[in-house]
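The text below walks through a structure chain by chain and contact by contact. Please keep the sequence and the coordinates open while reading.

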Amino acid sequence: MPDVTKTDVQTAVATDGGATTPVAAPAAKPEKSRSLWGDAWNDLRHSWIFGVSAVLILLLLTITFFPGLFTDTDPIKGDLAKHFLQKPKLGHVFSADWLGYDQQGRSVYARTIYGTRASVAVGFGTTLAVTVVGGLMGMIAGYFGGIVDSILSRLTDVFFGIPFLLATMVVLTSFPDRTTWVVIGALAAFGWTQIARVMRGAVITTKQADYVHAAKALGASTPRIMFRHILPNTLAPVIVVSTISLGVYISAEATLSFLGLGLNGVSWGNDISDGGNQIRVAQWIMLYPSIMLSITVLAFIMLGEAVRNALDPKLR
Amino acid sequence: MGRYVARRLLQMIPVFIGTTLLIFLMVYALPGDPVRGLFGDKGGSPAVIASLRHQYGLDQPILVQYYHYMKDMILHFDFGTQIASGRPVTDVLSEAFPVTLRLASLSFAIEVVLGIALGIWAGMRAGRFADNAILLVSLLLISVPVFVLGFILKVVFAFQLNWLPPNVNDSTNYNELLMPAFVLATASLAYVTRLTRTSVAENLRADYIRTAIAKGLPRRRVVGVHLMRNSLIPVITYLGTDIGALMGGAVVTEGLFNIQGIGGTIYQSIVRREGTTLVGLVTILVLVYLLASLLVDLLYAVLDPRIRYA
Amino acid sequence: MTIIEDSVPVPAPRKGGADDGPLLEVRDLHVEFHTREGVAKAVNGVNYSVSAGETLAVLGESGSGKSVTAQAIMGILDMPPARIPQGEILFRGQDMLKMSGEERRKIRGQKIAMIFQDALSSLNPVLSVGYQLGEMFRVHQGLSKKEAKAKAIELMDRVKIPAAAARVNDYPHQFSGGMRQRIMIAMALALEPDLIIADEPTTALDVTVQAQVMDLLADLQREYNMGLILITHDLGVVADVADKIAVMYAGRIVERAPVHELYKRPAHPYTRGLLDSIPRLDQKGQELYAIKGLPPNLLRIPTGCAFNPRCPKAQDICRTDVPALLPVSEQDGTELVGRGSACHFWKETIHG
């Protein structure tokens with residue numbers, strides 16, 4: 001029984017027989033137990049990317065929920081006679097005329113503040129919808145496999161095959177009244193495919209794990225296996241993709257608004273589009289919403305990047 | 001290999017049908033009417049509208065319309081007629097396609113050269129200043145929406161510095177295409193950089209790189225042969241799928257710089273609810289995408305001997 | 001079993017090395033890793049030497065510093081995070097740590113070669129084995145692609161890979177584990193180096209294949225009169241092949257001895273523990289001994305003797321004073337040649 005001998009010696013000598021890479025060699029880690037999530041949190045706290053993005057996102061959420069804290073100017077009513085294309089007074093920080101006025105005499109600063117809500121709402125709403133729908137699709141396809149997988153995978157291919165922006169544009173042209181919900185719906189209708197693919201892959205990998213077989217052998221029900229045993233182990237890649245897509249959807253919403261197919265109401269995309277027409281005489285109309293938009297997208301993409309670095313041990 | 005290609009081609013059929021049907025349904029089942037759109041706000045007489053609708057087959061059930069459309073397209077390469085101009089969609093296509101192709105090729109070149117070079121540079125210096133700087137720049141490029149970047153570049157390079165023309169008048173002039181091509185390339189450029197960087201940094205720590213060093217190979221051989229041969233596999237596959245994305249993503253860029261390519265035509269047909277043109281154009285894009293992804297899979301197997309056609 | 005084809009000339013035994021001292025000598029080598037958690041002291045003053053034709057086995061748990069020492073010799077440590085604050089690595093009397101990068105590169109592969117544990121990950125997955133073997137000749141000897149391939153086939157023949165000519169264009173994943181390890185050996189052997197460092201060359205293999213690969217390695221070493229440093233945690237592998245053994249613990253050598261003497265009379269409690277934990281047929285039915293506790297955390301190596309928390313014989317002095325590696329002698333005072341122990345109580349251990 002040579003096999004037994006070898007294993008026993010190995011266990012007795014307490015080696016793992018590996019660890020030849022120089023970095024892994026002194027891998028005698030602190031004694032406290034570490035989980036993927038604990039490790040990830042530890043990583044996040046030390047990451048400058050996470051720090052910067054967290055501060056920015058907190059600020060954005062504050063603006064979203066309490067725009068009144070930042071300005072008391074009405075973003076919709078303008079005074080054409082008094083403020084038509086009035087230049088910014090950069091010294092008047094946080095006042096209505098700080099960032100100038102647009103061609104309808106409305107305060108660019110107030111509009112930039114109030115425009116935050118639309119972007120953040122669409123970003124979060126779409127991401128939530130996409131994660132639920134895509135996650136469910138991926139879970140079902142990955143778990144059941146076979147014909148179910150084939151059908152769902154082809155369906156994913158179909159929705160993935162049409163260029164994302166074009167598809168949402170086609171849907172949105174049919175809706176003259178484009179509320180937040182309509183925009184979220186259109187974006188989510190074609191955005192779920194990526195999460196579904198990521199989820200399916202993760203489920204297929206996890207499904208083969210021994211503890212899943214064990215749970216099955218012990219007679220756990222299908223939903224229980226899916227949600228208690230498989231789901232927690234597929235969350236990491238899904239969370240990474242979701243976080244990054246938050247920024248992507250905010251950017252997509254602005255692009256749609258820019259093309260004249262976005263939200264009705266105050267939104268950065270609309271203002272940038274309007275400002276584009278005045279680009280030679282009044283760059284500020286476009287500039288400040290653009291800066292806010294870019295910072296917002298950047299904040300979420302940085303968050304996604306930080307989360308990815310923390311959750312993907314391969315990248316350390 | 002032959003079997004694999006055949007199976008992939010077979011798999012593409014339902015996806016192709018599904019995609020075209022989906023876009024067809026979206027265009028025709030959702031409210032809005034291309035004939036009415038033709039007359040604008042004035043509205044034409046009901047009789048004229050009805051006869052036009054009949055002429056373009058719009059009074060038939062959607063699935064019948066779809067069937068006829070696909071039959072014409074596959075059997076006669078007939079994509080229908082653009083209602084606004086009365087010209088065959090194939091004509092419109094053959095005019096717009098080369099323009100977008102030129103734009104996309106230039107973008108692609110920028111993305112490949114700059115993206116891979118920056119990615120390798122960052123990956124070899126993972127964790128150091130250059131890496132962080134390139135990371136920040138690429139995150140910025142991903143974050144600034146295409147239309148914002150386009151505006152900024154226009155203001156700076158066209159209006160302030162007068163270096164480049166603000167709009168493209170002659171799409172065969174690569175000088176004029178340079179700015180839009182860069183704008184179109186930015187997002188992908190950033191992804192290529194990130195992907196290359198990650199891949200290089202990861203492979204740099206691989207055991208076989210250590211072996212290559214232990215063999216006493218010169219550094220440029222360790223990097224140029226052993227590291228690159230492995231690191232570029234995911235990058236090349238990404239680039240393959242990106243060809244389709246570049247052509248589809250040109251909607252905003254072409255609009256911004258007034259380029260009469262596929263993107264511009266698509267935008268026009270969406271706004272005017274030109275179903276036939278739109279379906280035709282999107283079908284072409286879907287075909288490009290499907291073929292590109294098949295090509296990528298085959299390329300993958302050529303580049304990585306561990307991949308077997310299953 | 002050493003069947004050598006007529007076409008393959010048997011190289012004449014090397015001269016040199018033996019007459020002008022050892023082939024390789026490691027003197028007071030220290031290696032530390034700068035990590036986020038602090039400085040991990042992986043190697044803390046290691047001394048050993050190997051002569052031509054000699055096999056030194058370095059024994060120890062993972063984290064004992066045996067692989068790090070080997071990588072320092074090869075010059076393939078990632079620096080940073082690794083740092084070599086002090087020590088010398090003399091190859092034929094020259095300190096390699098003082099050489100330029102280019103000088104060291106020329107030694108790697110040509111004079112000193114290394115065999116890694118996991119051949120699957122250590123071979124480049126996307127290049128054919130023929131290419132990877134031939135690369136040695138192309139880079140170091142400037143041979144053409146064609147000549148290099150012929151040499152590669154010759155090498156594969158020499159390490160007894162069946163149908164070498166037919167398999168030279170195959171990729172690593174198409175070979176079995178044992179065959180892959182043979183390819184690794186062939187690669188190390190390619191330029192007939194003076195010294196081969198084998199880092200756990202058989203750990204990843206089946207037991208039956210392990211023996212074959214070890215035999216092959218030993219045969220080739222004898223044939224070329226090379227020095228061999230065999231790094232392992234498996235006492236069974238060592239016994240048949242090695243001339244002398246160095247046992248490492250927490251980055252230090254705690255005991256050194258000619259191979260059979262070590263087995264007969266260990267002079268360090270750690271070595272004794274290792275030997276006692278080998279299952280033996282005559283002790284069937286008894287509980288297998290295991291060293292209690294875990295290997296030390298290299299960020300916080302215990303004061304005194306690093307082994308003291310796990311040592312059954314630990315006294316107060318073990319917790320305060322670091323024992324030096326001292327010569328070991330018989331009870332009557334005659335020195336045991338080549339033996340040393342870093343234990344305050346080596347006398348009790350060896351004679352008790």
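Of the 310 residues in chain B, 43% are buried; a residue is buried if 20 or more other C-beta atoms lie within 10 Å of its own, exposed if 12 or fewer, and partly exposed in between, with C-beta atoms placed from the backbone. This is a predicted model, in which local features need pLDDT of at least 70 and side-chain atom pairs count only at pLDDT 80 or more, while totals for chains, interfaces and linings use all residues. Residues are numbered from 1 along each chain as its sequence is written, and chains are lettered from A and ligands numbered from 1 in the order in which they are written.

Chain B has 13 helices and 0 strands; helices (H or I, at least four residues) and strands (E, at least two) are DSSP runs numbered from the N terminus. Along the principal axes, the C-alpha atoms of chain B fill a box of roughly 85 × 60 × 30 Å. Two residues are in contact if their C-beta atoms, placed from the backbone, lie within 7 Å. Among the contacts in chain B with a separation of 6 or more, 72% join residues 24 or more positions apart.

Confidence is given as pLDDT, the predictor's score for each residue from 0 to 100. Chain B has a mean pLDDT of 81, with 91% of its residues at 70 or more. Within chain B, the lowest confidence is in α2(B), with a mean of 59, and the highest is in helix α9 (residues 207-214) of chain B, at 90.

Chain B is assigned two stretches, domain 1 (2-76) and domain 2 (89-303); such bounds come from an automatic or database domain assignment. The centres of domain 1 of chain B and domain 2 of chain B, taken over C-alpha atoms, are 31 Å apart. Their contact involves 15 residues of domain 1 of chain B and 12 residues of domain 2 of chain B. On the side of domain 1 of chain B that touches domain 2 of chain B, the elements giving two or more residues are α1 and α2 (34-39) of chain B. The largest share of that side, 10 residues, is from α1(B).

Chain B contributes 38 residues to the contact with chain A, and chain A contributes 35 residues. Elements that give two or more residues to the chain B side include α1 (2-29), α8 (174-204) and α13 (275-303) of chain B. The most, 8 residues, come from α1(B). The side of chain B that touches chain A has 29 nonpolar, 7 polar and 2 charged residues.

In chain A, Gln86(A) sits in the loop between α4 (80-83) and α5 (108-144). Gln86(A) is partly exposed because 18 other C-beta atoms lie within 10 Å. Leaving out residues up to four places away in sequence, Gln86(A) touches Asp97(A), Gly100(A) and Tyr101(A). The C-alpha atoms of Gln86(A) and Ala141(A), 55 residues apart along the chain, are separated by 57 Å.

Chain C is divided into domain 1 (24-242) and domain 2 (248-351). The C-alpha centres of domain 1 of chain C and domain 2 of chain C lie 28 Å apart. In this contact, 23 residues come from domain 1 of chain C and 15 residues from domain 2 of chain C. Elements giving two or more residues to the domain 1 side are β2 (38-50), β3 (55-59) and α9 (235-241) of chain C. Strand β2(C) gives the largest share of that side, 10 residues. The side of domain 1 of chain C that touches domain 2 of chain C divides into 11 nonpolar, 8 polar and 4 charged residues.

The largest nonpolar core has 259 residues, and those with the most contacts inside it are Ala186(C) and Ile197(C). A nonpolar core is a set of buried Ala, Val, Leu, Ile, Met, Phe, Trp, Tyr and Cys residues joined through C-beta atoms within 7 Å. Helix α12 (residues 283-311) of chain A gives the largest share of this core, 18 residues. Not counting residues up to four places away in sequence, Ala186(C) touches Leu133(C), Leu155(C), Met156(C), Arg158(C) and Val159(C).

Terms used:
Ala, Val, Leu, Ile, Met, Phe, Trp, Tyr, Cys and Pro count as nonpolar, Asp, Glu, Lys and Arg as charged, and the others, Gly among them, as polar.
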